[in-house]
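User: Hi! I'm new to this one, could you walk me through it?

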Amino acid sequence: MKFSTVIPFSIIYNISQVSRRTPELISLSRNLSHSSVVFCKNKKSSETSKYKAKDNEHPLKVDVPVENIRNFSIIAHVDHGKSTLADRLLEMTGAVAFNSGHQILDKLQVERERGITVKAQTASLDYSYEGDDKVPSGNYLLNLIDTPGHVDFCGEVSRSLLASQGAILLVDANKGVQAQTVANYRLAVSRGLVVVPVINKIDLKNADPDRVVSQLNKIFGLEEDTILRISAKLGSGVEDVLKAVVREIPPPPADVSASFRGLVFDSWFDKYRGAVLLIYIRDGFLRVGDHITSAQSGQNYEVRSLGLLRPSEEPCKMLCAGQVGYMTCNVRNPAEVHIGATFHRKGETVEQLPGVSAATPLVFAGVYPSDQSQYTSLRSALEKLVLNDSAVTMATDSSPALGQGWRLGFLGLLHLEVFGQRLEQEYGAEPVMTAPSVTYKAKLLGAKNIKKYGTDEITFSNPAHFPDVQIVSEFYEPVVTATIITPDEYLGSVMTLCLDRRGQQISSVNIDNDRVMLQFLLPLNEIIVDFHDYIKSTSSGYASFDYESSGYVPTKIVKIDILLNGNKVEELCTVCHFSRAVMVGRHLCTRLRDLVPRQLFQVAVQAVVGSKIVARENIKALRKDVTAKCYGGDITRKMKLLRRQAEGKKKMRMIGNIEVPKHTFISVLKR
């Protein structure tokens, strides 16, 4: 029979010390491990240390009742205070000591340098709830997931919501509802999660929580009495957030008596233990030593270790239904890990859990080792980092100029930058990353061409794979639906910027007296590099920008070829819209004029679209002063020497080959 009680810590400690020698105590210890037991130092301390941090000791919950578990995520726009709120929740529930530091869950170096969250982090918290008419009193296990706020890391948010039944929607009391706030709210509602709206930073001088309440009511239909007002920095109102989590968010729909099913929603690589999997126990329980099977790959594994994140790793022997923890199975090959995979016990057949849909990469870039001798080490680093960031797609690629490498797909430009920075910081790699590009589609003509390619529609992201225009009936480019929230005083400048980038306005809504929400259909190629920077500079930093993929539309794109001395350099070609061909061609020619080494003869750098030259620059020849030895005499002697030099340079220009050094290719191709 199961029971729930509070046992003094000293008794449990003595049992654990002598149970190895006494058979009766071994039996007692096992009975305790299958009961709802809370270990604490003594009854007095359990009642009085409700919010005090323990000295490196956490109350260990074994076989926590499902109705006492709450799984939730914190979602918000960038810089609305998610990590600060997570710090206060950790402190007030005793997971960490007070004043342990800022942004405790932001563990990566790139996160601390940039001041943003790029990786979702999990922490299991213990909270003693006093009870009310809706929820009984008791000890509750709160599994918190702190998520990124930038649109480029929406894959992290999507995976985190798989293991959640509710979400705290955090909104800045000064900035109000912003673009990613809208996107995250819609994502949470589409997953059927309970949303707890919270207004943060009410302590700021310019805070206007009443205005934010009206925005939340107008955009999302949230009632004022359901919206909490807090200051995560000062800790005021944070206790109400904990109470709302217990009261409003339902327990996980888990069944302890059913067969074990677990969902992997995150992972990272440890050089000693292999792949560490973050798993949500949907049904049943999992113990160390169990043999489990991946429903996706059919691979069998033995569970080597289990534990909770509090937020540091705390090993345990068993995870029960509804809990979120980590698991190691001695997986050494990162390719075996599938995010969204369902695990079950070996030999059993279970229904697979709904996993996460594969992220669709929007931005592509080539990654090559700076020297081919570093190929193996860079491949190992990429495989381990992709294990921790499953939104990145990876395929082998090669370039005559840069050698063997990979074509990586990302969710945005910031995603690309952070990935490259993590490669350097965490693995000491020095990769060459090419300029970002997008994936285009081409509709083919003729049965012969369709048979050759095996389909009537091909995709390509590398300009070198641009098909012959003679066999293509129409090209297609990816577009996105962009949501921009801006003060009305910058409305004209923001709309002009969007129209200059070939945007089409969809809607315009006034969300309050001085802010407007715009929606534009924009080509992805026009926004991946510098659009976000221009939005911020145009609006003095007040506008926010978010986008989501909206498929493909017909377009007119062209391939720009680069000719050096009349010879095509395939590695330097690029693809752009026909209306920007002249501007892009002139930019490339100007860069090459400054980067290509000068020769003994004049070199023409030309940008060509089809058979038309759209831009040209000349690299001046290195000239030897052949008249230096003529320190007098007739002028005809000097003219004869100059004429002979000119004829020689003309002959060299006709037969000369230009050797473009590798560092020139790297300077042109890299970001």
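This is a predicted model: local features need pLDDT of at least 70, side-chain atom pairs count only at pLDDT 80 or more; totals for chains, interfaces and linings use all residues.

User: Thanks! How many salt bridges does the structure hold?

Analyst: There are 32 salt bridges, each being a side-chain nitrogen of Lys or Arg within 4 Å of a carboxyl oxygen of Asp or Glu.

User: Which residue does Asp79 meet in a salt bridge?

Analyst: Asp79 pairs with Lys175, at 3.2 Å from N to O. That pair links distant parts of the chain, 96 residues apart: Asp79 is in the loop between strand E4 (69-76) and helix H4 (82-92), and Lys175 is in the loop between strand E7 (166-172) and helix H7 (179-190). Helices (H or I, at least four residues) and strands (E, at least two) are DSSP runs, numbered from the N terminus.

User: What about Glu156, which residue is its salt bridge with?

Analyst: With Arg159, and the closest N and O atoms are 2.5 Å apart. Glu156 and Arg159 are 3 residues apart in helix H6 (residues 154-162), so about one helical turn separates them. Both of these residues are buried. Glu156 and Arg159 also belong to a network of salt bridges with Lys119 and Asp266.

User: Where is Asp283, and which residue does it link to?

Analyst: Asp283 is in strand E11 (residues 274-283), and it links to Arg261 in strand E10 (residues 261-270), 22 residues apart. Their side chains meet in a salt bridge of 2.8 Å, N to O. Asp283 is buried, with a relative accessible area of 5%, and Arg261 is buried at 13%.

User: Changing topic: how many cavities of 30 Å³ or more are there?

Analyst: The structure has 4 of that size, and the largest cavity holds about 70 Å³ of space. On a 1 Å grid over the protein atoms alone, a cavity is a set of points where a 1.4 Å probe fits but cannot get out, while a pocket is an open set with protein on both sides within 12 Å along at least five of seven lines; lining residues have an atom within 4 Å of a point. Grid points are joined across faces, edges and corners, and a volume is the space filled by probe spheres set on the points.

User: Which residues line the largest cavity?

Analyst: Among them are Val264, Leu277, Tyr301, Glu336 and His338. The lining divides into 7 nonpolar, 2 polar and 1 charged. Here Ala, Val, Leu, Ile, Met, Phe, Trp, Tyr, Cys and Pro count as nonpolar, Asp, Glu, Lys and Arg as charged, and the others, Gly among them, as polar.

User: And what volume does the largest pocket have?

Analyst: About 1400 Å³. Of its 45 lining residues, Ala435, Pro436, Val529, Thr574 and Val584 are the closest to its centre. Helix H15 gives the largest share of that lining, 5 residues.

User: Last one: is Phe545 buried or exposed?

Analyst: Phe545 counts as buried because its relative accessibility is 8%. Phe545 lies in strand E29 (residues 544-555).

Note on methods
Residues are numbered from 1 along each chain as its sequence is written. Side-chain values use heavy atoms; hydrogens and water are left out. Buried means under 20% relative accessible area, exposed over 50%, partly exposed in between (1.4 Å probe, protein chains only).
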